[in-house]
Amino acid sequence: MASKEKEFAQLIKDNQGLIIKVSRLYTNSLEDEEDLFQEIVLQLWRSYDSFKGNSKISTWMYRVALNTAITLFRKKAKSLPTNELDINLADFIEDDDEKQQQVSLLYTVIKTLPNVERAIVMMYLDDLPYKDIAENLGITEVNARVKMNRLKKTLKEKMEKYA
């Protein structure tokens with residue numbers, strides 16, 4: 001395997017959690033999640049040579065992953081009729097562990113948010129600074145903070161509603 005390919009493979013291995021999170025938040029089935037994961041890795045590979053190092057590698061990866069997920073989501077939304085997501089907590093609980101229930105509910109509630117808000121919450125939960133969140137989404141840092149504060153309230157209300 002060439003040096004560039006080894007370097008890229010290690011980059012994916014080191015940051016696969018980021019790609020998994022994006023894939024999970026923008027899909028509703030394991031099959032779609034796996035397909036999106038592969039598509040994100042493909043897009044990262046295609047744009048790997050264009051990464052200039054002007055930002056952190058994780059910031060670049062988030063940008064590519066989110067753009068890929070949102071683009072595919074929009075394509076599917078145009079071709080399929082959309083219905084309001086009917087949330088039933090019991091459908092998402094895999095074991096009786098209370099923490100797992102909360103995590104499952106949180107993912108379910110996050111999936112009800114519009115694309116940009118989903119991305120903001122995901123990056124916030126990954127402890128990205130507001131500066132990086134803003135850079136990834138092409139908004140101001142102040143706007144990212146304001147949106148996240150509003151999203152915290154929205155998520156809390158939805159969590160209480162569906163809990």
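I began with helices H7 and H8, which are roughly perpendicular to each other (angles of 65 to 115 degrees; under 35 is roughly parallel, over 145 roughly antiparallel, the rest oblique). Helices here are DSSP runs of H or I, at least four residues, numbered from the N terminus.

I noted the basis: this is a predicted model, where local features need pLDDT of at least 70 and side-chain atom pairs count only at pLDDT 80 or more, while totals for chains, interfaces and linings use all residues. Residues are numbered from 1 along each chain as its sequence is written, and side-chain values use heavy atoms, with hydrogens and water left out.

I looked up the H7 and H8 axes: helix H7 (residues 130–137) packs on H8 at about 100°, with the axes 8 Å apart (lines fitted to C-alpha atoms over the stretch in contact, angles from 0 to 180 degrees between N-to-C directions). In H7, Tyr130, Lys131, Ile133 and Ala134 meet Glu141, Ala144, Arg145, Met148 and Lys152 in H8 (contact: heavy atoms within 4.5 Å).

Next I took H5. The axes of helix H5 (residues 98–111) and helix H8 (residues 141–162) come within 10 Å and cross at roughly 120°. H5 and H8 are therefore oblique to each other. In H5, Gln102, Leu105, Leu106, Val109 and Ile110 meet Leu155, Lys158, Met159 and Tyr162 in H8.

Last, I checked confidence. The chain's mean pLDDT is 83 (the predictor's confidence in each residue, from 0 to 100).

Definitions and conventions:
Helices (H or I, at least four residues) and strands (E, at least two) are DSSP runs, numbered from the N terminus.
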